[in-house]
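Take a look at the structure below.

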Amino acid sequence: MRLRQATLTTFRDLGVTPEIADALETEGIVTPFPIQEMALPLALSGQDLIGQARTGTGKTYAFGIAMLQSIGKPRKNRKKPRGLVVVPTRELAVQVSEDLVTAAGKLGSRVLTVYGGRAYEPQIEALKAGVDVIVGTPGRLLDLVKQKHLDLGQVQML
């Protein structure tokens, strides 16, 4: 009797673009976690989803890869964000942004992290220069919108 060797699914198998898959592979990330394997095909097809998994099991890549792929490569003439991630704490904002920057490494997508307890000026300057994805806490996001520094009118994915 011959045993069949199980093949592991890769991000490429799930339909992730070469630029994103290459960026992940550069960091040693090749095999998706279960939440990613379940969520990515749905998210990449444009379906809304809600996913739940323990901390450290890859939820950020489960939605973040689909977001980056959906909004596509950055264009210099685009200034307003097309992806928005709302998180409850500054620590999570930083963590999510780091993962998105990793996945977008070969795309060149501009990811901005905004949260309170930090000067407005650098965040405002980054918004003026243009961003593709913004990750932030509710309070700072609302402040930037109220002050008319942040326009969410082109957000395609939340």
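Helix α5 (residues 120-129) lies across β2 and β3. It runs at about 150° to β2. Axes here are lines fitted to C-alpha atoms, for helices over the stretch in contact, and angles run from 0 to 180 degrees between N-to-C directions. Helices (H or I, at least four residues) and strands (E, at least two) are DSSP runs, numbered from the N terminus. Together, β2, α5 and β3 make a right-handed β-α-β unit. Right-handed means that, with the strands pointing away from the viewer, the path from the first strand over the helix to the second runs clockwise.

This is a predicted model, in which local features need pLDDT of at least 70 and side-chain atom pairs count only at pLDDT 80 or more, while totals for chains, interfaces and linings use all residues. Residues are numbered from 1 along each chain as its sequence is written, and side-chain values use heavy atoms, with hydrogens and water left out.

## The sheet

The open sheet has 3 strands in the order β1-β3-β2, with parallel pairing. Two strands pair if DSSP finds at least two bridges between them. β1 (83-86) and β2 (111-114) stand at the edges, each with a single partner strand, so one side of each has no neighbour in the sheet. On average, neighbouring strands are turned by 15° against each other, direction ignored.

β1 pairs with β3 (residues 133-136) over 4 bridges. There, V85 has V135 as its bridge partner. β2 and β3 also pair over 4 bridges. V114 has G136 of β3 as its bridge partner. In β2, V111 and T113 point one way, L112 and V114 the other, and all are buried. Buried means under 20% relative accessible area, exposed over 50%, and partly exposed in between (1.4 Å probe, protein chains only).

## Helix α6

In helix α6 (residues 138-146), R140, L141 and L144 are buried. They cover an arc of only 100° around the axis, so they lie on the same side of α6. The arc is that of the directions from the helix axis to the C-beta atoms. Their cover includes β1, β2, α5 and β3. The face turned away from the buried side carries the exposed residues L142 and K146. Just after α6, K148 takes a positive phi of about 65°.

## A buried glutamine

Q36 sits in helix α2 (residues 34-44). Q36 is buried, with a relative accessible area of 1%. Which residues does Q36 touch, not counting those up to four places away in sequence? They are F11, L14, P41, G58, Y61 and A62. Contact means heavy atoms within 4.5 Å.
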